[in-house]
Amino acid sequence: MKFNNSLFSLLLILLPFFGVSQIKNGLNAQFKEHKIITLNTKALVSNMKSNDAYPYVLKLEKYEITLTPTDLIAHDYATFNSEGYAVAKSEMKTIPYRGYTAKGGKVSLTIGDDFLYGFIQDGENTYFIEPAHYYDHDTKSGEFVMYEKQDVKDTAPKTCGTDEIEEQYEKMKFKKGGTTKMI
């Protein structure tokens with residue numbers, strides 16, 4: 001009974017953070033069909049970290065998802081902030097999770113502040129979830145697009161992952177003492 005009470009409490013806490021907004025035109029150029037999900041991922045991550053009770057049950061659209069953090073990030077992994085100080089793994093704001101749906105489908109999600117990326121397998125269907133601003137810069141913070149692979153239009157603009165990495169590199173580097181340093 002404790003599990004059901006925890007799930008009910010979690011749903012009550014998360015209900016205000018979920019919603020569906022209107023479909024954006026930039027997304028319509030990319031997808032035949034899609035759904036916009038609004039989710040306060042910062043509050044979700046905070047709740048998941050403070051609850052520290054895994055597996056964690058999350059209701060996302062029509063899916064009841066059970067998640068646990070993955071061991072994708074090694075226990076001795078280190079990341080550094082712009083001042084060069086190490087950030088503890090426990091302070092990381094983006095966390096990869098794996099899990100399953102109530103019907104046994106596979107789930108893989110990476111969740112962070114204003115970030116949700118991954119997939120949900122439901123029988124023969126796989127639904128992808130990404131930040132909506134990847135496709136439409138006019139979308140609001142906390143909006144994510146959910147779509148099936150076959151709903152990506154053949155005529156949709158495509159980008160190369162290498163180009164995106166270069167673009168992010170240019171945004172993240174800075175000059176200090178004549179040398180370029182990645183932060």
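Two strands count as paired here if DSSP finds at least two bridges between them. Keep that in mind for the close-ups below, which come from a predicted model.

View 1. Of the 183 residues in the protein chain, 31% are buried. The chain exposes about 11,900 Å², and 53% of that comes from carbon and sulfur atoms. Take the contacts between residues at least 6 apart in sequence: 48% of them link residues at least 24 apart.

**View 2. Now we zoom in on strand β6, residues 95–101.** Buried means under 20% relative accessible area. With 5 of its 7 residues buried, β6 is largely enclosed by the rest of the structure. In a regular strand, side chains alternate between the two faces of the sheet.

**View 3. This one shows β6 next to strand β3, residues 63–69.** The two strands run antiparallel, and 5 bridges join them. To find your way around, look for Thr68: its bridge partner in β6 is Arg98.

**View 4. Here β6 meets strand β7, residues 106–112.** This pair also runs antiparallel, joined by 6 bridges. Pick out Gly99, whose bridge partner in β7 is Val107.

Notes:
Residues are numbered from 1 along each chain as its sequence is written. This is a predicted model: local features need pLDDT of at least 70, side-chain atom pairs count only at pLDDT 80 or more; totals for chains, interfaces and linings use all residues. Side-chain values use heavy atoms; hydrogens and water are left out. Buried means under 20% relative accessible area, exposed over 50%, partly exposed in between (1.4 Å probe, protein chains only). Helices (H or I, at least four residues) and strands (E, at least two) are DSSP runs, numbered from the N terminus. Contact means heavy atoms within 4.5 Å. Accessible areas come from the Shrake-Rupley method with a 1.4 Å probe; for residues, only the protein chains shown count as cover.
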